[in-house]
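This report describes the pockets of one protein model. The sequence and structure are shown first, and the description follows.

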Amino acid sequence: MKTYLVGGSVRDELLGLPVKDHDYVVVGASPEEMEQLGYRPVGKDFPVFLHPQTHEQYALARTERKISLGYKGFEVYTSPQVTLQEDLARRDLTINSIAKDADGNIIDPFNGVADLEAGILRHISPAFSEDPVRILRAARFAARFNFHAAPETLALMSDMVHNGEVDALVPERVWQELSRGLMEKNPSRMFHMLRECGALARIMPEVDVLFGVPQPAHAHPEIDTGVHIMLAIDYAAAQNYSLPVRFATLTHDLGKGTTPPEEWPRHIGHEARSIELTQNLCERIRTPKDVRDLALLVARYHGDVHRAEELRPATMADMLQAVDAYRKPGRFDEFLQACACDFHGRPGYATKPYIPFGRFQQAYGAAKSVDAGAIAAELSQRIADSAALPAAINAGVRETRIARIRAELG
């Protein structure tokens with residue numbers, strides 16, 4: 001029985017990155033022997049055990065054979081005779097097929113160390129094509145490490161898309177990988193790689209179609225809407241913004257992809273179209289509710305936020321109410337952050353001040369200072385008609401908030 005450190009922990013250590021989790025492969029042992037040594041079995045689809053003291057995961061060396069479509073369509077074989085190299089060979093990329101023994105020696109049968117040094121994502125064998133999730137994983141690693149796919153790997157990924165393997169992906173895995181990629185350092189790299197192999201058009205056609213759609217050059221020096229979105233999500237990553245903010249930034253301009261070409265580069269009414277497209281996308285890939293809700297608000301109101309200096313106090317008050325700023329102040333902050341990403345996601349705009357951010361924060365602070373309870377109490381003393389009272393209270397609170405915003409903003 002021999003134990004090896006494998007996969008991401010070895011890869012990240014070689015890259016000089018913090019190692020969060022250690023994964024081990026055990027060669028030459030059976031499940032019964034592992035349990036006799038005190039390891040606790042937890043694997044559902046293949047033998048995985050938790051160390052009795054450290055509780056880290058130890059998996060028995062195994063091989064896999066494709067038997068049906070999808071990422072679950074595998075038959076797993078494990079025995080004490082499976083070698084370390086056979087186990088490493090079933091992995092997706094060379095950079096994930098490096099092992100380290102108990103003495104600290106690196107075992108690298110597929111030259112993963114060289115690919116790490118070169119910044120290349122390279123598949124180990126044609127078996128890569130058996131699992132469509134590997135396309136998403138490769139794109140996510142591109143976002144994390146800013147690596148590029150080897151030409152032969154990109155060609156294989158393109159073949160997988162063409163052969164329909166990507167269409168077998170279940171929504172939960174699509175969202176899992178996309179959300180993790182969005183939270184990486186360079187999320188645009190994920191989308192560029194997915195687009196290069198054709199997977200983006202299958203997974204998120206609403207985003208894919210944005211590339212090549214022009215915008216007015218005076219407002220968007222980058223012109224291309226797809227390029228703008230990529231700049232915006234990378235800005236969100238640079239600010240370490242949350243997943244809901246990054247996703248809302250990704251989807252805020254989806255409506256521009258449906259503007260008739262004869263109307264280019266203008267996109268009148270794209271906000272309304274973005275709402276429906278975002279709603280459909282969120283349903284299809286099953287995004288969490290908080291992610292969907294913020295994305296819909298940003299799609300609807302980002303254009304209005306950009307015009308904060310032109311808006312009347314009444315319009316600002318109504319918008320604060322519409323986005324539920326008073327009950328969900330944290331989400332309102334994220335709402336403004338996503339709007340700011342839209343502004344900053346243009347060449348030369350990363351360090352420009354985004355005035356609407358502060359202006360809406362001022363308006364919110366002023367409106368929030370209104371004591372709605374006191375207004376309700378005062379009006380209930382004066383209005384005998386109980387049926388008319390709720391509308392009177394709402395109107396009274398609204399007018400007071402408008403007055404406070406007007407006084408605050410001048």
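## The largest pocket

Which element gives the largest share of the lining of the largest pocket? In this predicted model, that share comes from helix 5, which gives seven residues. Helix 5 spans 133–145 and is one of the elements that give two or more residues to this lining. The others are helix 1 (8–14), helix 7 (171–182), strand 2 (23–27), strand 5 (57–60), strand 6 (62–66) and strand 7 (74–78).

The volume of the largest pocket is about 1,900 Å³. Its lining is made up of 46 residues. Nearest the centre of the pocket lie D23, R91, R137, R140 and R180. Sorted by class, the lining holds 23 charged, 16 nonpolar and seven polar residues.

## The second largest pocket

The second largest pocket contains about 580 Å³ of space. Lining this pocket are 24 residues, and those closest to its centre are A219, H220, G303, H306 and R346. Two or more lining residues come from each of helix 13 (270–285), helix 14 (289–306), helix 16 (329–344) and helix 17 (355–368).

Which helix gives the largest share of the lining of the second largest pocket? Helix 14 does, with three residues. By class, nine of the lining residues are charged, eight are nonpolar and seven are polar.

Note on methods:
Residues numbered from 1 in each chain as written. Predicted model: local features only at pLDDT ≥ 70, side-chain atom pairs only at ≥ 80, totals over all residues. Heavy atoms only, no water. 1 Å grid on protein atoms, 1.4 Å probe; cavity = no way out; pocket = protein on both sides within 12 Å on 5 of 7 lines; lining within 4 Å. Points joined across faces, edges and corners; volume = space filled by probe spheres on them. Helix = DSSP H or I, 4+ residues; strand = E, 2+ residues; numbered from the N terminus. Nonpolar A, V, L, I, M, F, W, Y, C, P; charged D, E, K, R; others polar.
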